[in-house]
Amino acid sequence: MSAQTEKSSSPTAGGWGSAKAVVSSLAKEHVLLHGAALLTHQNKPDGYMCVGCSWAKPAHPHPLEFCENGAKATAWDITSKTVPPDFFAAHTCTQLLEWSDHDLEKIGRLTAPMRWNAATDKYEAIGWQEAFDDIGRRLQPLEPDSAVFYTSGRASLETSYMYALFARLYGTNNLPDSSNMCHESTSVGLPKTIGVPVGTVTLEDFEHTDCMLFFGHNTGTNAPRMLHQLQDAREQRDVPIITFNPLREPGLIAFRNPQAPAEMMTGKKTQISTQYHQVKVGGDTAALAGLCKYLIEADDRARAQGGVPVLDHAFIAEHTHGFEAFAEAMRSASWDQIERHAGLTRAALEAAARVYAQAKAAMVLYGMGLTQHRNGVQNVQMITNLLLLRGNIGKPGAGVCPVRGHSNVQGQRTVGITEKPDKIPADKLKALYHFDSPTSKGMNTVEACEGILDGRVKAFIGLGGNFARATPDHSRMEPAWATLDLTVSVATKLNRSHLLHGRVSYLLPCLSRIEIDRQAGGEQAVSVEDSTGCFHGSKGRSEPNSDLLLSEPAIVAGLAKATVGARGNVDWDAWVADYARVRDAIEATYPDIFKDFNARMWSPGGFHRPLGASERRWNTETGKANFVVPETYDEDPDMPEHDGQVLRLMTTRGDSQFNTTIYALDDRFRGIKGTRKVIMLNADDMQRLGLAEKDVVTACTVAHDGYDREVSGLEVRAFDIPAGCAWSYYPECNPLIPLWHYAKESKVPAAKSIPITLRKQA
């Protein structure tokens, strides 16, 4: 049975806790009635797309197609609280730097463009055109590659296209984005194995799958709406779901649907995971190798005995390359080695592999628990290795599903936000805008940080996000911001990045996607791409928080006109007046992806981008899907060993959090209230290290590079986590990540395995 009566002590996603949290968040922002009405339009075909996560939007949505965190994100954006110029007149930036992340954002929405005054250390109101003109004057004399154009994952397709074009007309490919900090390992790993940079699974596949495997993803907080698909699979077809994760996350254990009155009243819940394996932090490659080894050796035995093959040999022969080398590597891998690195027994791995082997169609879903490691790219490729063994790509119910984070983080890459010049259609841009795109590779996030530290970067323009807080090595990075000639932040709310200003700094407040966007051509809509590669229209429904706010496209256009002028023959004003013209330009630049863009953007469920791998067409160097032999079974081979004193720290988000935005200090799923200054340890490790519950410690990074990296004031808590591992919150523990501790090939900061020691505080 997949449904069971809840025990009071067992963790459950959804239910009354979620419902209460939604009401509480709306009440705290003083938008209880307005917000409740607005939420009925969230993620609907004729409504606005959530500004939080990027999970798929169904063609036939539930009456309430939002999750707890999505509701918090909406409440956060439409809050009645504001931060007018008077607030900044009363507070210096130095004073505000003492505030917590939560306290900075909860004060409300920014209402007017501001410029930092060095003499008073305060932001002061300024006119929009004066701000644009001064920013343009300061950018024009700079070497283009000394400026960085960063983008968070919230910007729409229209804004992202305009922003990328602006940067390239200016003369640089320095277009890092939040992908560089999360799923870049996917974007690097998948093209080499299956020829596409994104996943192949759609919502329809959930209706046909026989088996799901999860790796390194906390679905209950990071993509809760997916729980509807998981519940349907479990309840209607008893689909096995096998989870590999260091922490037992409630969303992958059990779910009570807040939209099901019977479940809410009776306490009934759905068991989500049928097997739950607490893999050691850094052990996913080894666990995947164990699954692959079992399948290959079981197939060897079956074929030798004349039995039914376990592998899909017809698919392997026709569609793949490199199988024999991979199979031999798996055969030669020792179980002792696999068990040691995975932190799981052979019996546990074989139990999971047997279920997978019986499925006619299976999918693998994963998150940043796989990508944010030194060998994060290898992890992604091990996922495709497992799928290819049984032909589980390019058929209904099967495929790879990287669960992206921010609402349009995948889409902005699709329309040109990338530091890699070979990923953009330079010929199309030249034909449309009569200029030669820069050909030098630009800076990704890590390289932008390196450029800020060594002085190569002179200007930083941030389109959303909280870059300074999201990146590693805070003790080195935060002082370096003061050396920049210019910093510009486009934002809805105040955060720490805005206070770590350059010599000249601007704060430009923008409309939220949820707000009505009125331009010369009437009310405008934008579009986004979800995690499954579907594009959706989005139209704001809430009145703007301030009359002085501009839309993101209008701000980008204002900066572009002041900086590059008539270069490119772009009619920026016409684009701002009618975003449909921007979509026409996107279609002209990417005709294979965006055919009939304006006509299809309101299709229920969105329209899907073409993906060769979904049709078993492989755009790879070999022309086939490629098996890749892993270099090592340790995701983080740089991890030092020091007599058992070194722990592997993984950072994670909390229940009331989205990326760097902290909605509240409580994390009800982990039993934490009123603080984020905690570190969770295995009870045996606590005893071994001489630590007791609620001891206060300093975490110190083990790195012999001449820099001390510490986070103090962490309260020790016992938690169900594999021995030798620890977890604490992101971004509070980002100061512990060395800038050089990143994934090979993709340069994603390795935030899921940081070598630390603990020092007890008096």
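Residues are numbered from 1 along each chain as its sequence is written, and side-chain values use heavy atoms, with hydrogens and water left out. Because the model is predicted, local features need pLDDT of at least 70 and side-chain atom pairs count only at pLDDT 80 or more, while totals for chains, interfaces and linings use all residues.

Select residues 114-117, which form strand 5; strands (E, at least two residues) are DSSP runs, as are helices (H or I, at least four), and both are numbered from the N terminus. Met114 and Trp116 lie on the covered face of strand 5, and Arg115 and Asn117 on the uncovered one. Asn117 has Lys122 as its bridge partner. Between these strands are 4 residues, and Asp121 takes a positive phi near 60°. Next, display strand 18 (residues 504-509), which is antiparallel to strand 5 and joined to it by 2 bridges; here Tyr506 stands opposite Arg115.

Move to strand 21, residues 526-529. Val526 and Val528 point one way, Ser527 and Glu529 the other, and all are buried (under 20% relative accessible area, 1.4 Å probe, protein chains only). Strand 22 (residues 534-538) runs antiparallel to strand 21, with 4 bridges joining them. His536 is the bridge partner of Val528. In the turn of this hairpin, Gly533 has a positive phi of about 80°.

**The largest pocket**

Now select Pro191, Gly195, Pro197, Lys423 and Arg609, the closest to the pocket centre of the 36 lining residues. A pocket is an open set of points on a 1 Å grid over the protein atoms alone, where a 1.4 Å probe fits, with protein on both sides within 12 Å along at least five of seven lines; lining residues have an atom within 4 Å of a point. The largest pocket holds about 1100 Å³ of space, a volume filled by probe spheres set on the points, which are joined across faces, edges and corners. Helix 9 gives the largest share of the lining, 5 residues.

**The nonpolar cores**

Finally, select Tyr161, Leu508, Trp572, Trp575 and Phe594, which touch the most other members of the 60-residue largest nonpolar core. Such a core comprises buried Ala, Val, Leu, Ile, Met, Phe, Trp, Tyr and Cys residues joined through side-chain atoms within 4.5 Å. Helix 8 (residues 157-170) contributes the largest share of this core, 10 residues. A second, separate core of 58 residues includes Leu190 and Trp618.

How values were computed
Buried < 20%, exposed > 50% of the residue type's maximum accessible area, 1.4 Å probe, protein only. Pairing = 2+ DSSP bridges.
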